[in-house]
Amino acid sequence: MRRSFAIISVLVVLILGVILGAIGLSKKEVGEVSWGILVPGYMFFAMTAAGAALVTLAPSLFGYEGSSGELKSLRKLALWFAAGTLIPSWFLILLDLSRPAKFVDIFIGFNPSSRIAWMAALYSMTFVVLIIELLYAIIKEERTAEGLTGKSAWVITLTLIGTVVELMLISNLSQVFGVIQTFPAWHGAYLVPIFIVTSFMLGASGMGIFVVLSMKNREKETKFAASYYGKMIISSSLVLALLLFWAMLSAYFDPEAWASFSQMLKGSYSAMFWCAGVLGFLISPTVAGIAVRRKNTTAIVASSIMSLLFGFTILYLIVVVPQTVYFDVLAGVVNERVYSIGAGELLIAVGGLLIWLSLISLGYLLLPLLPEERAKKLLIFK
Amino acid sequence: MVRYGFLYDESKCIACLACVVACSTNNYEDHMSENIPNPYWGTLATNIRVVLKDQGRPEQLLLSCQQCERAPCVEVCPTGASYINKSTGLVEINYEKCIGCKACVTACPYNARWVDPIKMLPMKCMGEACKARVEKGEQPFCVAVCPAEARLFGDLDDPNSEISKKIASTKTTRLKEALGTEPKFYIVRG
(Lines give C-alpha, C1' and ligand atoms only; values in the text may rest on other atoms or scores of the structure.)
Protein backbone atom coordinates (compact mmCIF):
# COMPACT_ATOMS: atom_id res chain seq x y z
CA MET A 1 0.00 0.00 0.00
CA ARG A 2 2.82 2.38 0.99
CA ARG A 3 4.70 1.42 -2.17
CA SER A 4 1.65 2.10 -4.38
CA PHE A 5 1.18 5.49 -2.73
CA ALA A 6 4.85 6.27 -3.26
CA ILE A 7 4.64 5.28 -6.95
CA ILE A 8 1.52 7.42 -7.50
CA SER A 9 3.13 10.40 -5.74
CA VAL A 10 6.25 10.08 -7.87
CA LEU A 11 4.16 9.84 -11.05
CA VAL A 12 2.32 13.02 -10.05
CA VAL A 13 5.64 14.84 -9.66
CA LEU A 14 6.78 13.46 -13.02
CA ILE A 15 3.63 14.72 -14.74
CA LEU A 16 3.99 18.08 -12.98
CA GLY A 17 7.52 18.35 -14.37
CA VAL A 18 6.30 17.65 -17.90
CA ILE A 19 3.49 20.22 -17.52
CA LEU A 20 5.91 22.86 -16.25
CA GLY A 21 8.11 22.15 -19.27
CA ALA A 22 5.18 22.54 -21.66
CA ILE A 23 4.13 25.84 -20.05
CA GLY A 24 7.74 27.02 -20.15
CA LEU A 25 8.02 26.18 -23.84
CA SER A 26 5.00 28.35 -24.63
CA LYS A 27 6.52 31.25 -22.66
CA LYS A 28 10.01 31.12 -24.15
CA GLU A 29 11.34 34.43 -25.44
CA VAL A 30 14.34 35.50 -27.49
CA GLY A 31 16.97 37.29 -25.44
CA GLU A 32 20.33 38.83 -26.29
CA VAL A 33 22.20 35.59 -25.57
CA SER A 34 21.65 32.46 -27.69
CA TRP A 35 22.46 29.73 -25.19
CA GLY A 36 21.00 30.42 -21.75
CA ILE A 37 20.42 28.39 -18.59
CA LEU A 38 18.93 25.38 -20.38
CA VAL A 39 22.27 24.62 -22.03
CA PRO A 40 24.27 24.35 -18.77
CA GLY A 41 21.17 22.57 -17.44
CA TYR A 42 21.34 19.77 -19.97
CA MET A 43 25.13 19.66 -19.65
CA PHE A 44 24.70 19.22 -15.91
CA PHE A 45 22.45 16.21 -16.35
CA ALA A 46 24.51 14.65 -19.15
CA MET A 47 27.77 15.07 -17.25
CA THR A 48 26.28 13.83 -13.98
CA ALA A 49 24.94 10.74 -15.77
CA ALA A 50 28.19 9.92 -17.56
CA GLY A 51 30.25 10.71 -14.46
CA ALA A 52 28.14 8.47 -12.21
CA ALA A 53 28.61 5.52 -14.55
CA LEU A 54 32.31 6.22 -15.05
CA VAL A 55 33.31 6.57 -11.38
CA THR A 56 31.29 3.53 -10.31
CA LEU A 57 31.73 1.08 -13.18
CA ALA A 58 34.99 1.91 -14.94
CA PRO A 59 37.23 0.84 -11.98
CA SER A 60 36.03 -2.76 -12.50
CA LEU A 61 37.86 -2.74 -15.85
CA PHE A 62 41.06 -2.45 -13.85
CA GLY A 63 40.00 -5.14 -11.40
CA TYR A 64 38.91 -2.81 -8.57
CA GLU A 65 35.53 -3.58 -6.97
CA GLY A 66 36.10 -2.06 -3.52
CA SER A 67 37.88 -3.73 -0.59
CA SER A 68 35.16 -6.39 -0.31
CA GLY A 69 33.22 -6.03 -3.55
CA GLU A 70 31.15 -2.98 -2.52
CA LEU A 71 31.32 -1.37 -5.95
CA LYS A 72 29.70 -4.48 -7.40
CA SER A 73 26.74 -3.89 -5.06
CA LEU A 74 26.40 -0.33 -6.39
CA ARG A 75 26.47 -1.38 -10.06
CA LYS A 76 22.72 -1.48 -10.73
CA LEU A 77 22.10 1.70 -8.72
CA ALA A 78 24.73 3.53 -10.76
CA LEU A 79 23.34 2.25 -14.06
CA TRP A 80 19.82 3.37 -13.27
CA PHE A 81 21.02 6.67 -11.82
CA ALA A 82 22.96 7.36 -15.02
CA ALA A 83 20.17 6.29 -17.39
CA GLY A 84 17.51 8.16 -15.39
CA THR A 85 19.66 11.29 -15.32
CA LEU A 86 20.11 11.29 -19.10
CA ILE A 87 16.35 11.60 -19.63
CA PRO A 88 15.98 15.14 -18.15
CA SER A 89 19.03 16.03 -20.20
CA TRP A 90 17.07 15.13 -23.35
CA PHE A 91 14.07 17.02 -21.96
CA LEU A 92 16.04 20.25 -21.55
CA ILE A 93 17.73 19.93 -24.96
CA LEU A 94 14.43 19.38 -26.73
CA LEU A 95 12.68 22.26 -25.03
CA ASP A 96 15.62 24.56 -25.69
CA LEU A 97 15.02 24.10 -29.42
CA SER A 98 12.65 26.42 -31.22
CA ARG A 99 11.18 23.39 -32.97
CA PRO A 100 11.41 20.38 -30.63
CA ALA A 101 9.16 18.29 -32.87
CA LYS A 102 11.71 18.45 -35.69
CA PHE A 103 14.47 17.04 -33.50
CA VAL A 104 14.50 13.79 -35.45
CA ASP A 105 15.87 15.80 -38.41
CA ILE A 106 19.26 15.63 -36.68
CA PHE A 107 19.35 11.93 -37.51
CA ILE A 108 17.78 12.33 -40.95
CA GLY A 109 20.06 15.14 -42.14
CA PHE A 110 23.03 14.14 -39.95
CA ASN A 111 25.89 16.61 -40.50
CA PRO A 112 29.12 14.84 -39.46
CA SER A 113 31.02 18.12 -39.01
CA SER A 114 28.50 19.27 -36.38
CA ARG A 115 29.31 18.46 -32.76
CA ILE A 116 25.64 18.88 -31.87
CA ALA A 117 24.71 16.16 -34.36
CA TRP A 118 27.26 13.88 -32.70
CA MET A 119 25.85 14.81 -29.29
CA ALA A 120 22.45 13.49 -30.36
CA ALA A 121 24.06 10.25 -31.55
CA LEU A 122 26.20 9.89 -28.42
CA TYR A 123 23.31 10.65 -26.05
CA SER A 124 21.29 7.93 -27.75
CA MET A 125 24.19 5.46 -27.73
CA THR A 126 24.99 6.14 -24.07
CA PHE A 127 21.35 5.70 -23.05
CA VAL A 128 21.02 2.44 -25.00
CA VAL A 129 24.29 1.04 -23.59
CA LEU A 130 23.29 1.97 -20.03
CA ILE A 131 19.89 0.30 -20.39
CA ILE A 132 21.45 -2.84 -21.89
CA GLU A 133 24.00 -2.93 -19.05
CA LEU A 134 21.24 -2.52 -16.47
CA LEU A 135 18.99 -5.19 -17.99
CA TYR A 136 21.92 -7.56 -18.27
CA ALA A 137 22.88 -6.93 -14.65
CA ILE A 138 19.30 -7.58 -13.44
CA ILE A 139 18.83 -10.70 -15.55
CA LYS A 140 22.30 -12.02 -14.72
CA GLU A 141 21.69 -11.73 -10.98
CA GLU A 142 18.36 -13.48 -11.43
CA ARG A 143 20.05 -16.34 -13.25
CA THR A 144 22.89 -16.49 -10.72
CA ALA A 145 20.30 -16.74 -7.89
CA GLU A 146 18.74 -19.66 -9.77
CA GLY A 147 22.12 -21.39 -9.85
CA LEU A 148 22.90 -20.57 -13.49
CA THR A 149 26.17 -18.80 -14.20
CA GLY A 150 26.48 -16.03 -16.73
CA LYS A 151 29.60 -15.09 -18.64
CA SER A 152 31.53 -12.31 -16.88
CA ALA A 153 33.12 -11.45 -20.24
CA TRP A 154 29.82 -9.84 -21.24
CA VAL A 155 29.89 -7.59 -18.18
CA ILE A 156 33.45 -6.49 -18.97
CA THR A 157 32.63 -5.92 -22.65
CA LEU A 158 29.52 -3.89 -21.85
CA THR A 159 31.37 -1.87 -19.22
CA LEU A 160 34.17 -1.19 -21.68
CA ILE A 161 31.75 -0.04 -24.38
CA GLY A 162 29.90 2.09 -21.82
CA THR A 163 33.13 3.68 -20.57
CA VAL A 164 34.28 4.57 -24.09
CA VAL A 165 30.90 5.99 -25.12
CA GLU A 166 30.57 8.03 -21.91
CA LEU A 167 34.04 9.52 -22.31
CA MET A 168 33.24 10.34 -25.94
CA LEU A 169 30.00 11.98 -24.81
CA ILE A 170 31.76 14.31 -22.37
CA SER A 171 34.65 15.10 -24.73
CA ASN A 172 32.31 15.84 -27.61
CA LEU A 173 30.14 17.98 -25.35
CA SER A 174 33.16 20.13 -24.53
CA GLN A 175 33.88 20.47 -28.24
CA VAL A 176 30.37 21.78 -28.95
CA PHE A 177 31.87 24.92 -27.38
CA GLY A 178 35.53 24.29 -28.16
CA VAL A 179 35.14 24.57 -31.93
CA ILE A 180 33.34 27.91 -31.75
CA GLN A 181 35.72 30.75 -32.57
CA THR A 182 33.27 33.52 -31.77
CA PHE A 183 33.94 33.35 -28.05
CA PRO A 184 37.68 32.80 -27.43
CA ALA A 185 37.13 31.76 -23.80
CA TRP A 186 35.55 28.56 -25.15
CA HIS A 187 38.29 28.04 -27.68
CA GLY A 188 40.94 26.32 -25.59
CA ALA A 189 42.52 22.90 -25.04
CA TYR A 190 41.58 23.13 -21.37
CA LEU A 191 37.91 22.61 -22.05
CA VAL A 192 38.04 18.80 -22.50
CA PRO A 193 39.81 18.00 -19.19
CA ILE A 194 37.66 20.57 -17.37
CA PHE A 195 34.52 18.83 -18.62
CA ILE A 196 35.79 15.33 -17.80
CA VAL A 197 36.84 16.26 -14.26
CA THR A 198 33.61 18.18 -13.65
CA SER A 199 31.74 15.12 -14.82
CA PHE A 200 33.60 12.91 -12.32
CA MET A 201 32.80 15.38 -9.56
CA LEU A 202 29.11 15.62 -10.48
CA GLY A 203 28.78 11.84 -10.94
CA ALA A 204 30.43 11.09 -7.60
CA SER A 205 28.22 13.69 -5.90
CA GLY A 206 25.03 12.33 -7.44
CA MET A 207 25.94 8.78 -6.48
CA GLY A 208 27.00 9.88 -3.00
CA ILE A 209 23.48 11.07 -2.31
CA PHE A 210 21.66 8.28 -4.16
CA VAL A 211 23.55 5.42 -2.49
CA VAL A 212 23.14 6.83 1.03
CA LEU A 213 19.41 7.42 0.53
CA SER A 214 18.61 4.16 -1.21
CA MET A 215 20.79 1.90 0.95
CA LYS A 216 20.12 3.51 4.32
CA ASN A 217 19.94 0.17 6.14
CA ARG A 218 23.13 -1.21 4.63
CA GLU A 219 26.00 0.14 6.68
CA LYS A 220 28.76 -1.57 4.72
CA GLU A 221 27.83 -0.03 1.38
CA THR A 222 26.93 3.42 2.70
CA LYS A 223 30.19 3.70 4.63
CA PHE A 224 32.07 2.61 1.53
CA ALA A 225 30.13 5.19 -0.53
CA ALA A 226 31.00 7.94 1.97
CA SER A 227 34.67 7.08 1.70
CA TYR A 228 34.85 6.27 -2.04
CA TYR A 229 32.76 9.12 -3.42
CA GLY A 230 34.25 11.48 -0.82
CA LYS A 231 37.73 10.76 -2.19
CA MET A 232 36.40 11.29 -5.72
CA ILE A 233 34.93 14.68 -4.77
CA ILE A 234 38.15 15.82 -3.09
CA SER A 235 40.44 14.71 -5.92
CA SER A 236 38.21 16.03 -8.72
CA SER A 237 37.76 19.38 -6.94
CA LEU A 238 41.54 19.76 -6.62
CA VAL A 239 42.14 18.85 -10.27
CA LEU A 240 39.33 21.14 -11.39
CA ALA A 241 40.88 24.01 -9.40
CA LEU A 242 44.18 23.37 -11.16
CA LEU A 243 42.53 23.19 -14.59
CA LEU A 244 40.55 26.40 -14.06
CA PHE A 245 43.75 28.09 -12.95
CA TRP A 246 45.41 26.86 -16.16
CA ALA A 247 42.48 28.16 -18.22
CA MET A 248 42.66 31.57 -16.56
CA LEU A 249 46.43 31.75 -16.81
CA SER A 250 46.34 31.07 -20.56
CA ALA A 251 43.42 33.47 -20.96
CA TYR A 252 45.40 36.17 -19.15
CA PHE A 253 47.74 36.39 -22.15
CA ASP A 254 44.84 36.46 -24.66
CA PRO A 255 42.92 39.73 -24.30
CA GLU A 256 39.84 38.31 -26.06
CA ALA A 257 39.52 35.33 -23.73
CA TRP A 258 40.50 37.43 -20.73
CA ALA A 259 37.52 39.73 -21.36
CA SER A 260 35.30 36.80 -20.37
CA PHE A 261 37.35 35.36 -17.54
CA SER A 262 37.84 38.77 -15.93
CA GLN A 263 34.04 39.03 -15.71
CA MET A 264 34.15 35.96 -13.49
CA LEU A 265 37.09 37.11 -11.39
CA LYS A 266 36.26 40.76 -10.89
CA GLY A 267 33.27 41.70 -13.05
CA SER A 268 29.52 41.31 -12.83
CA TYR A 269 29.73 37.52 -12.36
CA SER A 270 32.46 37.63 -9.71
CA ALA A 271 30.13 37.21 -6.71
CA MET A 272 28.68 34.06 -8.24
CA PHE A 273 32.13 32.74 -9.18
CA TRP A 274 33.76 33.34 -5.81
CA CYS A 275 30.80 32.03 -3.81
CA ALA A 276 30.81 28.88 -5.95
CA GLY A 277 34.59 28.66 -5.61
CA VAL A 278 34.50 28.82 -1.82
CA LEU A 279 31.72 26.22 -1.80
CA GLY A 280 33.27 23.85 -4.33
CA PHE A 281 36.98 24.25 -3.70
CA LEU A 282 36.98 24.77 0.06
CA ILE A 283 33.86 23.79 1.99
CA SER A 284 32.74 20.76 -0.01
CA PRO A 285 36.17 19.03 -0.12
CA THR A 286 36.60 19.72 3.61
CA VAL A 287 33.24 18.13 4.39
CA ALA A 288 34.10 15.29 1.98
CA GLY A 289 37.31 14.85 3.98
CA ILE A 290 35.21 14.35 7.12
CA ALA A 291 33.10 11.82 5.20
CA VAL A 292 36.22 9.91 4.14
CA ARG A 293 37.89 9.99 7.54
CA ARG A 294 34.84 9.09 9.61
CA LYS A 295 32.89 7.23 6.93
CA ASN A 296 30.11 9.66 7.75
CA THR A 297 27.05 9.44 5.49
CA THR A 298 25.62 12.83 6.53
CA ALA A 299 28.89 14.46 5.56
CA ILE A 300 28.97 12.83 2.11
CA VAL A 301 25.38 13.93 1.41
CA ALA A 302 26.19 17.51 2.48
CA SER A 303 29.40 17.57 0.44
CA SER A 304 27.62 16.07 -2.59
CA ILE A 305 24.85 18.69 -2.51
CA MET A 306 27.45 21.46 -2.36
CA SER A 307 29.47 19.94 -5.21
CA LEU A 308 26.37 19.57 -7.39
CA LEU A 309 25.54 23.25 -6.84
CA PHE A 310 29.14 24.21 -7.48
CA GLY A 311 29.36 22.07 -10.64
CA PHE A 312 26.19 23.57 -12.09
CA THR A 313 27.37 27.10 -11.30
CA ILE A 314 30.73 26.51 -13.01
CA LEU A 315 28.99 25.13 -16.11
CA TYR A 316 26.60 28.10 -16.10
CA LEU A 317 29.51 30.54 -15.92
CA ILE A 318 31.51 28.73 -18.61
CA VAL A 319 28.54 28.78 -21.00
CA VAL A 320 26.94 32.15 -20.31
CA VAL A 321 29.75 34.58 -19.44
CA PRO A 322 31.73 34.31 -22.71
CA GLN A 323 28.54 35.15 -24.62
CA THR A 324 28.05 38.35 -22.64
CA VAL A 325 31.45 39.97 -23.33
CA TYR A 326 33.36 39.48 -26.56
CA PHE A 327 35.41 41.41 -29.10
CA ASP A 328 33.76 42.63 -32.28
CA VAL A 329 35.22 42.65 -35.80
CA LEU A 330 36.80 46.08 -35.34
CA ALA A 331 39.83 46.12 -33.08
CA GLY A 332 39.06 47.61 -29.69
CA VAL A 333 35.28 47.26 -29.97
CA VAL A 334 33.95 45.10 -27.16
CA ASN A 335 30.34 43.91 -27.27
CA GLU A 336 28.50 43.52 -24.01
CA ARG A 337 25.23 41.72 -23.68
CA VAL A 338 22.97 41.11 -20.75
CA TYR A 339 21.56 37.72 -19.91
CA SER A 340 18.68 37.31 -17.52
CA ILE A 341 16.93 34.00 -17.06
CA GLY A 342 13.50 34.10 -18.70
CA ALA A 343 10.32 32.82 -17.04
CA GLY A 344 9.92 30.17 -19.73
CA GLU A 345 13.47 28.91 -19.26
CA LEU A 346 13.04 28.80 -15.50
CA LEU A 347 9.85 26.73 -15.75
CA ILE A 348 11.53 24.26 -18.12
CA ALA A 349 14.56 23.98 -15.83
CA VAL A 350 12.36 23.35 -12.76
CA GLY A 351 10.36 20.84 -14.82
CA GLY A 352 13.59 19.05 -15.73
CA LEU A 353 14.63 18.93 -12.08
CA LEU A 354 11.28 17.43 -11.04
CA ILE A 355 11.48 14.87 -13.84
CA TRP A 356 14.99 13.92 -12.70
CA LEU A 357 14.03 13.43 -9.06
CA SER A 358 10.86 11.52 -9.93
CA LEU A 359 12.56 9.22 -12.47
CA ILE A 360 15.35 8.28 -10.08
CA SER A 361 12.77 7.58 -7.36
CA LEU A 362 10.58 5.62 -9.76
CA GLY A 363 13.47 3.37 -10.73
CA TYR A 364 14.24 2.76 -7.07
CA LEU A 365 10.60 1.82 -6.44
CA LEU A 366 10.11 -0.39 -9.48
CA LEU A 367 13.45 -1.95 -10.34
CA PRO A 368 15.47 -4.47 -8.31
CA LEU A 369 18.46 -2.16 -7.87
CA LEU A 370 19.68 -3.36 -4.47
CA PRO A 371 21.99 -6.40 -4.35
CA GLU A 372 19.48 -8.75 -2.71
CA GLU A 373 16.52 -7.64 -4.82
CA ARG A 374 15.40 -9.92 -7.67
CA ALA A 375 13.15 -9.36 -10.67
CA LYS A 376 9.73 -10.89 -10.19
CA LYS A 377 7.65 -9.33 -12.96
CA LEU A 378 8.43 -9.18 -16.68
CA LEU A 379 12.06 -10.17 -15.96
CA ILE A 380 13.08 -6.69 -14.83
CA PHE A 381 10.55 -5.33 -12.29
CA LYS A 382 10.63 -6.24 -8.63
CA MET B 1 27.23 28.75 -61.79
CA VAL B 2 28.13 32.05 -60.16
CA ARG B 3 29.97 32.95 -56.97
CA TYR B 4 28.28 36.00 -55.50
CA GLY B 5 30.03 38.33 -53.12
CA PHE B 6 29.58 41.75 -51.56
CA LEU B 7 31.76 44.82 -51.37
CA TYR B 8 31.29 47.61 -48.85
CA ASP B 9 33.20 50.82 -49.49
CA GLU B 10 33.62 52.52 -46.14
CA SER B 11 35.27 55.52 -47.78
CA LYS B 12 32.09 56.22 -49.76
CA CYS B 13 29.53 55.35 -47.09
CA ILE B 14 27.75 58.42 -45.75
CA ALA B 15 26.13 56.43 -42.92
CA CYS B 16 22.60 57.37 -43.97
CA LEU B 17 21.47 53.82 -42.98
CA ALA B 18 19.23 53.61 -46.05
CA CYS B 19 20.51 50.04 -46.55
CA VAL B 20 19.48 49.09 -43.02
CA VAL B 21 15.97 50.49 -43.46
CA ALA B 22 15.60 48.99 -46.95
CA CYS B 23 16.61 45.57 -45.66
CA SER B 24 14.15 45.79 -42.80
CA THR B 25 11.15 47.19 -44.67
CA ASN B 26 11.44 44.73 -47.52
CA ASN B 27 12.56 41.55 -45.80
CA TYR B 28 10.84 42.00 -42.44
CA GLU B 29 7.80 44.08 -43.25
CA ASP B 30 5.67 42.54 -40.49
CA HIS B 31 8.35 43.32 -37.89
CA MET B 32 8.44 46.95 -38.98
CA SER B 33 4.68 47.40 -38.87
CA GLU B 34 4.44 45.82 -35.42
CA ASN B 35 7.62 47.51 -34.16
CA ILE B 36 9.35 44.23 -33.32
CA PRO B 37 13.11 44.81 -33.09
CA ASN B 38 16.14 42.65 -33.69
CA PRO B 39 16.79 41.53 -30.10
CA TYR B 40 20.43 40.69 -30.71
CA TRP B 41 21.64 43.99 -32.01
CA GLY B 42 19.10 46.25 -30.33
CA THR B 43 18.05 47.74 -33.67
CA LEU B 44 15.09 47.36 -35.98
CA ALA B 45 14.72 43.92 -37.59
CA THR B 46 17.41 43.88 -40.24
CA ASN B 47 20.30 41.77 -41.50
CA ILE B 48 22.71 44.70 -41.50
CA ARG B 49 24.58 45.33 -38.29
CA VAL B 50 26.16 48.66 -37.38
CA VAL B 51 29.62 48.27 -35.88
CA LEU B 52 30.77 51.54 -34.36
CA LYS B 53 34.21 52.24 -33.03
CA ASP B 54 34.16 55.55 -31.18
CA GLN B 55 37.51 55.33 -29.40
CA GLY B 56 40.75 56.26 -31.11
CA ARG B 57 40.19 56.77 -34.82
CA PRO B 58 36.39 56.63 -35.25
CA GLU B 59 35.11 54.04 -37.68
CA GLN B 60 31.73 52.66 -38.68
CA LEU B 61 31.02 49.50 -40.64
CA LEU B 62 27.63 48.36 -41.90
CA LEU B 63 28.00 44.59 -42.02
CA SER B 64 25.91 41.64 -42.99
CA CYS B 65 26.61 37.94 -43.55
CA GLN B 66 30.14 37.54 -44.91
CA GLN B 67 29.02 34.65 -47.20
CA CYS B 68 32.05 32.59 -46.07
CA GLU B 69 33.45 29.86 -48.31
CA ARG B 70 34.20 27.86 -45.14
CA ALA B 71 31.24 29.02 -43.11
CA PRO B 72 31.34 28.10 -39.38
CA CYS B 73 27.53 28.33 -39.31
CA VAL B 74 27.33 25.59 -41.94
CA GLU B 75 29.84 23.38 -40.14
CA VAL B 76 28.03 23.48 -36.80
CA CYS B 77 24.48 23.03 -38.12
CA PRO B 78 23.39 19.55 -36.98
CA THR B 79 20.74 19.03 -39.66
CA GLY B 80 22.36 20.64 -42.69
CA ALA B 81 19.74 23.42 -42.63
CA SER B 82 22.51 26.00 -43.05
CA TYR B 83 24.20 25.35 -46.35
CA ILE B 84 26.09 26.97 -49.18
CA ASN B 85 23.98 27.22 -52.31
CA LYS B 86 26.27 25.74 -54.95
CA SER B 87 24.66 27.65 -57.79
CA THR B 88 25.17 31.07 -56.17
CA GLY B 89 27.87 30.56 -53.54
CA LEU B 90 25.60 32.24 -50.97
CA VAL B 91 25.11 30.89 -47.46
CA GLU B 92 21.43 30.09 -47.03
CA ILE B 93 19.05 28.49 -44.53
CA ASN B 94 16.60 25.75 -45.39
CA TYR B 95 13.88 26.47 -42.83
CA GLU B 96 12.26 23.12 -43.51
CA LYS B 97 15.29 21.50 -41.86
CA CYS B 98 16.02 24.09 -39.15
CA ILE B 99 15.32 22.86 -35.60
CA GLY B 100 16.20 26.17 -33.91
CA CYS B 101 19.23 25.07 -31.87
CA LYS B 102 20.88 28.48 -32.47
CA ALA B 103 24.30 26.88 -32.97
CA CYS B 104 24.75 28.89 -36.19
CA VAL B 105 24.04 32.15 -34.36
CA THR B 106 26.63 31.28 -31.73
CA ALA B 107 29.20 30.06 -34.25
CA CYS B 108 29.22 33.10 -36.54
CA PRO B 109 32.39 35.03 -35.64
CA TYR B 110 30.98 38.08 -37.42
CA ASN B 111 27.84 38.14 -35.29
CA ALA B 112 25.86 38.28 -38.54
CA ARG B 113 22.91 36.14 -37.49
CA TRP B 114 20.06 36.97 -35.17
CA VAL B 115 17.00 35.15 -33.87
CA ASP B 116 13.59 36.30 -35.05
CA PRO B 117 11.39 36.82 -31.96
CA ILE B 118 8.28 35.84 -33.95
CA LYS B 119 9.48 32.69 -35.71
CA MET B 120 12.13 31.90 -33.05
CA LEU B 121 14.44 30.90 -35.89
CA PRO B 122 17.80 32.30 -37.06
CA MET B 123 17.81 35.03 -39.69
CA LYS B 124 20.59 36.25 -41.94
CA CYS B 125 21.38 38.06 -45.15
CA MET B 126 19.85 37.47 -47.63
CA GLY B 127 16.26 37.87 -46.63
CA GLU B 128 13.58 36.28 -48.78
CA ALA B 129 12.74 39.51 -50.65
CA CYS B 130 16.38 40.09 -51.58
CA LYS B 131 16.77 36.47 -52.67
CA ALA B 132 13.80 36.86 -55.00
CA ARG B 133 15.41 39.99 -56.52
CA VAL B 134 18.74 38.24 -57.06
CA GLU B 135 16.98 35.32 -58.75
CA LYS B 136 15.50 37.85 -61.20
CA GLY B 137 18.96 39.27 -61.89
CA GLU B 138 18.41 42.39 -59.77
CA GLN B 139 20.57 43.78 -56.97
CA PRO B 140 19.70 43.16 -53.29
CA PHE B 141 17.83 46.05 -51.65
CA CYS B 142 20.81 47.35 -49.65
CA VAL B 143 22.85 47.72 -52.84
CA ALA B 144 20.00 49.12 -54.90
CA VAL B 145 19.10 51.91 -52.46
CA CYS B 146 22.60 53.08 -51.52
CA PRO B 147 22.78 56.76 -52.63
CA ALA B 148 26.60 56.84 -52.37
CA GLU B 149 27.19 53.65 -54.36
CA ALA B 150 29.10 52.33 -51.37
CA ARG B 151 27.82 48.80 -51.88
CA LEU B 152 28.44 46.35 -54.69
CA PHE B 153 27.10 42.86 -55.27
CA GLY B 154 28.02 40.50 -58.07
CA ASP B 155 29.82 37.48 -59.42
CA LEU B 156 33.36 37.23 -58.07
CA ASP B 157 34.27 34.68 -60.75
CA ASP B 158 33.36 37.07 -63.57
CA PRO B 159 36.37 39.34 -64.18
CA ASN B 160 34.10 41.82 -65.97
CA SER B 161 31.64 42.24 -63.11
CA GLU B 162 31.73 45.60 -61.37
CA ILE B 163 32.67 44.00 -58.03
CA SER B 164 35.57 42.03 -59.54
CA LYS B 165 36.92 45.16 -61.24
CA LYS B 166 36.68 47.11 -58.01
CA ILE B 167 38.49 44.37 -56.04
CA ALA B 168 41.18 44.22 -58.72
CA SER B 169 41.73 47.97 -58.78
CA THR B 170 41.36 48.87 -55.09
CA LYS B 171 42.95 47.76 -51.85
CA THR B 172 40.32 45.71 -50.04
CA THR B 173 40.29 43.75 -46.82
CA ARG B 174 38.22 40.92 -45.41
CA LEU B 175 37.36 40.63 -41.74
CA LYS B 176 38.94 38.07 -39.41
CA GLU B 177 40.74 36.36 -42.28
CA ALA B 178 43.01 34.58 -39.82
CA LEU B 179 40.07 32.37 -38.81
CA GLY B 180 40.20 30.72 -42.23
CA THR B 181 36.54 31.34 -43.01
CA GLU B 182 37.27 32.77 -46.49
CA PRO B 183 34.63 35.49 -46.40
CA LYS B 184 33.23 36.82 -49.69
CA PHE B 185 32.51 40.25 -48.19
CA TYR B 186 35.17 42.74 -49.24
CA ILE B 187 35.70 46.06 -47.51
CA VAL B 188 37.38 49.21 -48.76
CA ARG B 189 38.55 50.82 -45.52
CA GLY B 190 37.94 54.52 -45.19
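In chain A of this predicted model, residues 24 or more positions apart account for 80% of the contacts with a separation of 6 or more. Keep that figure in mind as you look around: here is a short tour of the chain's elements, its overall dimensions and the side where chain A touches chain B.

**Elements and overall form**

- Taken along the principal axes, the box filled by the C-alpha atoms of chain A is roughly 75 × 45 × 40 Å.

- How many of the 382 residues of chain A count as buried? The share is 49%.

**Where chain A meets chain B**

- On this side, 28 residues of chain A are in contact with 36 residues of chain B.
- Two elements of chain A each give two or more residues to the side that touches chain B: α4 (105–108) and α5 (115–145).
- Which element gives the most to that side of chain A? That is α5(A), with four residues.
- By kind, the residues on the side of chain A that touches chain B split into 12 nonpolar, 10 polar and six charged.

Note on methods: Residues are numbered from 1 along each chain as its sequence is written. Chains are lettered from A and ligands numbered from 1 in the order in which they are written. This is a predicted model: local features need pLDDT of at least 70, side-chain atom pairs count only at pLDDT 80 or more; totals for chains, interfaces and linings use all residues. A residue is buried if 20 or more other C-beta atoms lie within 10 Å of its own, exposed if 12 or fewer, and partly exposed in between; C-beta atoms are placed from the backbone. Two residues are in contact if their C-beta atoms, placed from the backbone, lie within 7 Å. Ala, Val, Leu, Ile, Met, Phe, Trp, Tyr, Cys and Pro count as nonpolar, Asp, Glu, Lys and Arg as charged, and the others, Gly among them, as polar.
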